[in-house]
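Subject: Structure handover

Hello,

Here is the structure we spoke about. Please read the notes below with it open.

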Amino acid sequence: MRPRAMTKAALAVCGACSLASCVAHPVGPARTYSTYEGKAVTSATAAQSSVATVQLVASTAAAGKAFGPYTVVSVSEQEEGLSAVEGTFASIQPPDRRADALRDELGAILTSAVDHIAEVRIAARRGDLDDLDRVAAPLRADAAALDAFVARHG
Amino acid sequence: MKRFFAVFLGILTAIGGFVDIGDLVANSQTGARFGMNLAWAVVLGVIGIVVYAEMCGRVAAVAGRPVFDLVRERLGPRAGLANLIASFFINFLTLTAEVAGVAIALSLASSVSYLLLIPFVAFLVWLVIWRMPFETMERVFGLLGLCLLVFAVTVWKVGPDWGGLFHTASHPQVPAGETGFTYVYFAIALFGAAMTPYEVFFFSSGAVEEHWTERDLATNRANVLIGFPLGGLLSLAIMASADLILGPAGIDVGQLSQVALPVASVLGRVGLAVVLVGLFAATFGAALETALSAGYIISQYMGWMWGKYVRPRQASRFHLVVLLSIGAAMIFGLTRVDPVKVTEYSIVLSAAALPLTYFPILVIANDPSYMGDKTNGRFLNAIASIYLVILIVVSIITIPLLIITKGGSG
């Protein structure tokens with residue numbers, strides 16, 4: 001490759017990559033049920049991680065092993081991340097009626113998980129770290145629902 | 001005794017300074033997702049950086065010239081410019097990730113939004129570069145980075161099945177639920193994190209800043225041959241802690257706070273405090289290195305005066321580039337771009353650009369007109385050549401894998 005072509009190639013790669021790096025959650029269209037189902041499973045898997053993180057942070061804080069600021073920031077990040085997943089999934093157009101049902105099913109689980117994580121965040125901000133295990137208890141049902149969803153559709 | 005102490009301090013600094021946000025994220029992510037099945041990629045990367053950093057240090061000590069100075073001379077101005085653009089871009093992404101990483105570490109200790117802290121961190125990075133002597137700067141943050149040894153303590157405290165961990169590491173396989181593509185993609189991420197080009201830019205320029213001569217070759221070898229492998233063990237400890245705590249909980253690492261979670265859950269508040277200091281030191285030290293590297297590579301390419309060893313007035317353009325790079329990284333960080341994503345892309349793109357950095361080093365380390373009788377031996381050349389082939393293969397497959405795996409997500 002000639003030096004000028006190399007410079008152009010380097011510039012092109014840099015430009016493409018800078019654009020790519022700015023896009024955290026690319027959303028592609030779902031034209032078939034199976035594509036939509038695949039996207040739903042991806043969303044559910046991301047949600048599983050957020051819910052599991054908050055559960056571990058909550059139990060760690062309740063055991064007196066984490067500071068308030070660390071707990072608050074960690075839970076807030078997961079809440080923000082899960083809200084983004086929920087928003088991204090909601091923005092995907094369901095291709096047919098079966099997909100509508102799938103959308104309702106996962107949407108309900110994600111909304112419930114976001115609400116429960118918000119409760120943990122509120123309790124952590126109030127300094128109720130000792131009580132965080134109890135506040136986070138409903139997340140167990142969310143985690144189970146997400147596991148079942150992924151098992152059914154994954 | 002004084003000499004021994006200096007070498008010992010250099011080794012400790014090398015260990016503490018080995019890990020940056022790329023290593024933290026990549027090792028924690030892969031540990032949680034692949035267990036110890038990708039430990040070999042860390043080992044491969046550490047051997048690579050040992051081989052080439054030793055060459056860089058030797059070239060700087062013997063020829064008195066840093067890497068990028070020689071890259072331009074060897075490749076010519078045009079090919080050197082292509083190299084400069086790619087290297088500067090990747091270095092800029094890394095600088096952004098490190099600045100954001102420092103802000104996140106401070107945020108985890110204070111609960112102030114990391115976005116509010118980014119301008120403060122950027123100012124602090126510039127101030128330290130402007131005011132603090134080079135050696136003090138390197139030592140302070142390198143030694144504070146040793147706080148990350150708390151990951152090793154965490155693994156020891158968990159009391160894992162050591163045989164099982166070693167067996168997984170020595171008999172790697174693609175875990176269920178993962179594809180061969182994602183496995184190789186994350187192997188490249190680990191490899192890229194260990195062999196990030198800015199490390200050799202900084203290492204060789206630092207050698208010139210510290211006026212290394214042939215008398216310092218022993219220090220160079222000790223830092224590289226002892227310090228870097230021990231730093232690699234630290235990387236493996238981060239991976240193992242994620243494997244033991246985050247993996248079984250089904251946690252996929254997407255935030256820096258999750259990297260610290262295994263330590264908090266096992267060692268409690270003291271461990272958490274220590275790991276947060278370690279995260280701060282590792283990211284702050286790397287922010288200094290990448291900001292300086294931005295100034296080094298541009299100044300060395302353009303033939304300007306550079307470095308902290310000359311008065312700022314003499315190296316005004318070098319300091320301007322450093323200042324502008326920090327400012328640009330601050331602005332990019334403030335756009336709410338995901339710091340972990342930026343880290344992931346920076347280490348993967350580093351992997352794609354590795355031959356551009358390492359090939360000229362190998363050529364120069366074999367040139368008697370620069371090196372006199374200190375050229376590479378046959379054994380070193382054999383290893384370095386094998387690595388060059390690996391680097392070329394990695395650079396060819398990285399971008400296709402980035403696209404196929406959608407950045408490692410599936």
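In chain B, the axes of helix α6 (residues 114-131) and helix α14 (residues 316-334) come within 9 Å and cross at roughly 165°. Helices here are DSSP runs of H or I with at least four residues, numbered from the N terminus. Axes are lines fitted to C-alpha atoms, for helices over the stretch in contact, and angles run from 0 to 180 degrees between N-to-C directions. α6(B) is therefore roughly antiparallel to α14(B), a term for angles over 145 degrees. The crossing of α6(B) past α14(B) is right-handed, that is, the near helix is turned clockwise from the far one by less than a right angle.

This is a predicted model, in which local features need pLDDT of at least 70 and side-chain atom pairs count only at pLDDT 80 or more, while totals for chains, interfaces and linings use all residues. Residues are numbered from 1 along each chain as its sequence is written, and chains are lettered from A and ligands numbered from 1 in the order in which they are written.

Which residues make the contact between α6(B) and α14(B)? Among them are B:Leu115, B:Ile118 and B:Trp126 of α6(B), and B:Val322, B:Ile326 and B:Met330 of α14(B). Two residues are in contact if their C-beta atoms, placed from the backbone, lie within 7 Å. By class, this helix contact has 13 nonpolar, 2 polar and no charged residues. Nonpolar covers Ala, Val, Leu, Ile, Met, Phe, Trp, Tyr, Cys and Pro; charged covers Asp, Glu, Lys and Arg; the others, Gly among them, are polar.

Next, the core. The largest nonpolar core has 197 residues, and B:Val99, B:Leu190 and B:Ile361 have the most contacts inside it. Such a core is a set of buried Ala, Val, Leu, Ile, Met, Phe, Trp, Tyr and Cys residues joined through C-beta atoms within 7 Å. Helix α13 (residues 256-302) of chain B gives the largest share of this core, 26 residues. Leaving aside neighbours within four places in sequence, B:Leu190 is in contact with residues including B:Ala26, B:Leu38 and B:Val42.

B:Leu75 lies in helix α4 (residues 67-75) of chain B. B:Leu75 counts as buried because it has 20 C-beta neighbours inside 10 Å; the cut-off is 20 or more other C-beta atoms within 10 Å.

Last, the two chains: 30 residues of chain A are in contact with 35 residues of chain B. On the chain A side, α1(A) gives the most, with 11 residues.

Regards

Notes. Helix = DSSP H or I, 4+ residues; strand = E, 2+ residues; numbered from the N terminus. Buried ≥ 20, exposed ≤ 12 C-beta atoms within 10 Å, placed from the backbone. Parallel < 35°, antiparallel > 145°, perpendicular 65-115°, else oblique.
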